[in-house]
Amino acid sequence: MAEHLRARSVLADAGGEVPRMFGDAAAVRLTEVPPAGAIVLRLDAADASALQQAREALGIQLPLTPNTWHGEGDITVLWQAYDEWLALTADGRQTEMAARLTQALAGRHAAVTDVSDLHAEFLIEGPVGRDLLRKGCAVDLHPRVFGTGHLALTALARVRVVLWQTGDAPAYRLRVERSHARYLWDWLADAGGEFIDG
Amino acid sequence: MTQPFRIDSGGLINRGKPLTFTFNGKRYTGCEGDTLASALLANGVHLTARSFKYHRPRGIVSAGPEEPCALVRVGTGARVRPNVPATMVELHDGLIAASINCWPGVNFDVGAINNAISGVLPAGFYYKTFMWPAAAWMQYERFIRKAAGLGVTPSFPDPDRYDKRNDHCDVLVIGGGPAGIAAALAAGEAGARVLLVEERAQLGGQLLFRNASIAGQPAREWLAQAESALARLAEVRVVCRATATGYYDHNLVTVLERCTDHVADPAAHLPRQRLWKVRAHRVIVAAGAIERPIVFGNNDLPGVMLAGAAQRYAAQYAVRAGQRAVVFTNNDSGYEAALALAATGVEVAALIDPRERPDCAEAVQAQGIAVMSRHAVIAAAGSKRVQRVTIAPVDATGSKLTGPMQHIACDLVCVSGGWDPAVHLYSQSGGKLVFDGEQHCFVPGAAMQPVRAAGAANGAFFVEDAIEQGRAAALNSDTAAPRRALALQPLWAAPGVPQGAKPFVDLQSDVTAADLALAAREGYVAVEHTKRYTTTGMGVDQGKTGNIIAYGLLGGLTGRTIPEVGTTTFRPPYTPVTIGALAGREIGTSFEPWRRTPVSAWHTAAGAEFEPVGLWRRPMYYPKPGEAMDDAVARECLAVRNGVGMLDASTLGKIEIRGPDALTLLNRLYTNAWNSLAIGRCRYGLMLHEDGMVFDDGVTARLGETHYLMSTTSGGADGVLGWIEDWLQCEWRDLKVHVTPVTAHWATVCVTGPHARDVLTGLASDIDFSGTAFPHMSMRQGQIAGAPARVARVSFTGELSYEIHVPARYGLALWEMLLEAGAAHGITPLGTEALHVLRAEKGFIVVGHETDGTVTPIDLGMQRLVSMNKGDFLGKRGLARADNVRKARKQLVGLLTRDAAVMVPEGSQIVAMENAGRIAQPPVPMLGHVTSSYRSPVLGRSIAMALVADGSNRMGGEVAVVTDGRVVTATLTDPCFYDRQGARLNG
């Protein structure tokens with residue numbers, strides 16, 4: 001019997017190429033991002049000292065502007081709601097991050113939950129990335145209204161995602177609930193088929 | 001191959017690129033740039049269709065989407081498109097098309113007998129004929145179904161791909177004629193994000209066939225310059241072959257783009273069509289105008305055509321729609337058409353105009369065309385093509401003949417009764433329509449959304465006015481009234497139509513002026529009633545050419561003006577939308593966004609049969625090769641009762657609850673009291689909606705001082721989370737508690753059966769699984785094989801059971817490890833069906849089986865789970881409602897059939913047993929219904945659960961279960977059939 005349980009990717013059984021590239025010079029490239037550590041932080045944003053405690057525990061500031069994200073080093077914090085953030089860190093650091101936050105916020109109206117396996121994360125980058133996403137997502141991703149630093153809590157191909165732009169190429173990351181990850185991957189791979197050079 | 005009616009020069013077709021196509025089995029040649037209609041006309045083919053009801057010969061009436069007659073079938077096999085207007089089919093090499101609604105062919109059609117017996121097929125024929133006897137309706141329906149519809153849909157799966165696209169823009173311009181182009185240019189130059197959609201293959205609109213000049217510049221030159229100017233604007237996007245089909249709230253407009261319909265051999269990876277959902281800050285409707293005919297006898301003969309269409313065929317497609325034409329017009333645009341026809345070599349025998357002679361007559365007469373003012377065409381004659389028209393002088397209003405008839409030989413009749421702005425989308429947007437009393441048409445009035453109309457769609461029928469309106473709409477400045485109005489005297493139908501010559505109002509639905517008159521006589525004078533009674537405007541063309549005439553005639557028949565008559569509702573879609581485009585890629589395996597557990601691939605490989613539970617697809621049972629479902633389920637059940645089974649329970653909803661008020665929250669959500677729950681222990685609870693009805697259940701564990709883990713039903717997790725957040729965010733804002741959904745973070749495997757503990761103790765874990773250290777209804781946290789784990793000892797089978805949770809990435813490995821660890825005990829994977837049998841043996845409910853939104857905990861016999869003295873909880877007040885405290889409500893009972901081998905279907909009705917195994921004469925009062933029914937392998941008999949009126953007082957009594965026409969006798973019992981003391985749980 002195996003001594004340790006072996007971790008599996010959500011695409012372990014997806015078959016085909018992983019990552020997927022569509023079109024010449026990767027008009028759009030679709031990649032599964034290796035698992036990250038992820039913590040849901042619930043906190044009263046009106047409580048300035050709690051925010052400060054969280055900032056010190058995380059080492060970076062929580063984004064307070066709705067639908068934005070903020071990253072420094074290997075930590076990224078995604079705005080989720082007026083009292084909710086999703087903090088991402090390198091896989092393996094989540095337990096320590098959760099412990100630090102829990103300790104810093106002890107006695108406050110706050111909640112820290114490890115959700116590292118709740119989502120899968122995909123990277124979509126390349127010149128036609130926007131056209132791929134708009135096939136199933138109703139958010140306006142035009143650079144005039146949505147750019148690097150922005151984030152959307154929306155639906156892609158009918159499933160809930162958090163989508164954030166990480167580069168002007170453009171590059172987007174999205175997190176989808178793990179149970180929907182394979183469906184969404186297959187959907188994206190199918191939708192991307194249009195960008196294969198004839 | 002020659003195209004006898006092709007003009008040698010001019011037009012926008014490419015003579016250097018001939019295309020071969022087939023129509024009704026015969027090969028023809030057309031040119032690149034043709035539509036199927038223009039190519040057929042170039043080959044002298046006018047008879048293209050048979051009409052809907054009377055199977056009369058029909059030809060090409062228009063040159064656009066309004067086409068009422070020339071509907072054809074395009075393509076073959078699975079790619080057949082059944083009902084498309086030939087006027088909108090772009091020709092490509094190898095195109096195959098055929099007429100519809102005729103058998104054996106369009107030239108000789110058996111259904112034409114309906115024309116001979118048309119006297120017995122008046123308006124409302126179906127309503128009058130098929131009313132009685134009511135019992136015969138099923139017979140009638142067969143006949144009606146066969147007669148209904150036009151083309152035949154393909155019976156194969158659609159092989160094409162369809163796409164969707166969300167788009168956003170500052171300005172959406174609908175229509176790429178002069179107004180639309182001017183609007184897109186002006187908006188684009190001002191820096192706006194612009195989307196311009198054009199229904200046809202190229203921009204230009206009326207500039208493609210009208211001889212206009214714009215500020216002294218030839219129209220086509222202006223068009224070429226404008227197109228390159230648009231192409232230079234980075235934020236302007238022009239999409240041709242794209243029809244705006246619907247206009248919805250919040251300026252959402254759907255656009256159907258036909259990506260490859262015009263291509264002979266489209267690449268397989270490209271979508272055939274794409275449905276756009278465009279959200280625009282502002283919309284400019286510049287969709288042009290649709291010409292209306294004038295009704296006269298036999299106005300449906302092939303060769304009777306809209307004047308503007310004949311003009312377009314001549315100028316854009318270089319096709320003569322006939323050799324000798326008569327133009328019949330009540331407005332000045334017919335004169336322009338006559339000149340265009342004459343310029344391409346068509347002999348115009350006469351121009352018939354019911355008005356006094358207008359100024360524009362001079363130019364026409366100068367071409368040698370006879371202008372006959374104060375005359376009307378009253379009938380046409382011919383068999384499959386018009387051969388002559390009958391004309392007569394009319395009075396000043398065009399309502400009476402004032403002199404003798406005469407005949408003019410011709411093979412083409414060009415008709416213009418005026419122009420109707422394409423107000424469809426504007427009306428769909430909520431915009432009001434007003435009647436333009438000068439040009440006699442409906443035009444856009446007050447807007448309800450940020451939308452403007454411009455150009456012909458706004459009643460500005462002349463090019464320079466259209467351009468000015470387009471620009472004004474784009475810049476949001478005031479729209480000037482058109483400098484030129486279309487001179488017109490309304491004439492809906494010619495007077496004095498001879499007997500036997502049918503005057504058609506709606507060519508597609510075969511509605512005549514007589515049908516409208518009959519409807520009005522019978523009281524169907526409200527326009528929506530008239531529409532439905534006569535079927536006017538109910539074809540695939542939605543009456544784009546005929547409706548306005550029906551309003552005009554109805555007004556005349558009932559003494560009302562057209563604004564008083566009003567219009568029928570303009571509903572989406574503007575033109576038909578393929579179902580495939582609506583479905584997009586949400587078909588096949590993507591039909592639903594199915595959810596998978598970390599173990600799903602293993603289940604599939606193991607040959608499991610799946611069932612949907614919410615969006616999850618859960619293994620229902622795992623048949624061995626050749627094993628029937630019943631046998632597989634029985635095997636899985638017995639493995640759990642006698643050895644050990646394992647179930648993928650990852651779908652179980654899981655919600656983390658944290659905060660000092662967590663306990664208060666639980667007390668308010670659940671019906672029972674939670675104060676005494678110790679850390680590390682679990683408790684089962686029921687949730688009610690405000691009405692007191694059960695909507696979810698599950699086990700919640702206390703993990704810490706202020707930390708709980710709630711589980712919900714697999715299908716109910718999202719609903720429960722929403723329910724809790726709703727209360728926390730809206731009503732209980734004072735509660736200091738947070739809830740976080742974590743369902744998919746955990747993979748869950750349930751190990752159940754007498755040997756469950758033996759399996760778990762074989763794992764490398766720091767958790768003590770012994771009965772004393774880890775009692776029933778408790779949860780432990782620790783590690784299993786190096787992974788963090790939570791293990792709950794809870795049971796839904798009545799056996800010793802553990803639910804093991806590990807982070808999802810380890811789910812498959814845990815499953816595989818348990819299979820290995822349990823091999824010595826014969827561990828058996830079980831599906832949801834076996835789980836349901838096992839829980840039913842124990843009398844445990846499943847929300848959605850035993851409950852349906854009308855069942856209280858008391859109905860379920862779970863009074864002990866309702867604490868009326870713990871304080872308020874959701875549903876408490878509801879439980880006190882008079883109907884909920886009523887005696888003899890339906891209550892949960894067990895049901896044992898007298899014959900143990902008989903299984904009653906779920907949903908079967910339960911009625912009282914009168915005497916000697918008989919039931920009363922109908923109507924028999926219903927006592928209840930069967931909620932769950934299974935074969936119990938361990939009991940060796942059928943068991944069932946049921947909701948039965950006054951069930952708790954009927955225990956031990958017999959009822960009748962009526963099923964599939966049989967009456968089954970059954971005894972009411974306690975719903976727990978197995979191990980009532982629960983001894984097996986505490987091993």
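In chain B, 66% of the contacts with a separation of 6 or more are between residues 24 or more positions apart. The model described here is predicted. Within it, chain B contains 25 helices and 49 strands, and its C-alpha trace spans about 115 × 70 × 55 Å along the principal axes. Of the 987 residues in this chain, 53% count as buried.

We can turn next to the nonpolar cores. In soluble globular proteins, nonpolar side chains tend to be buried together. The largest nonpolar core has 166 residues, and those touching the most other members are A:I39, B:V749, B:V751, B:V806, B:L814 and B:L818. Leaving aside residues up to four places away in sequence, B:V806 touches A:L5 in chain A and, in chain B, B:W746, B:A747, B:I784, B:A787, B:P788, B:A789, B:G811 and B:L814.

B:C360 sits in the loop that links β19 (347–353) to α9 (361–366) of chain B. This cysteine counts as partly exposed because it has 19 C-beta neighbours inside 10 Å, whereas a buried residue needs 20 or more. With residues up to four places away in sequence left out, B:C360 touches B:D332 and B:Y335. Its C-alpha atom is separated by 54 Å from that of B:P159, a residue 201 positions away along the chain.

How values were computed
Residues are numbered from 1 along each chain as its sequence is written. Chains are lettered from A and ligands numbered from 1 in the order in which they are written. This is a predicted model: local features need pLDDT of at least 70, side-chain atom pairs count only at pLDDT 80 or more; totals for chains, interfaces and linings use all residues. A nonpolar core is a set of buried Ala, Val, Leu, Ile, Met, Phe, Trp, Tyr and Cys residues joined through C-beta atoms within 7 Å. A residue is buried if 20 or more other C-beta atoms lie within 10 Å of its own, exposed if 12 or fewer, and partly exposed in between; C-beta atoms are placed from the backbone. Two residues are in contact if their C-beta atoms, placed from the backbone, lie within 7 Å. Helices (H or I, at least four residues) and strands (E, at least two) are DSSP runs, numbered from the N terminus.
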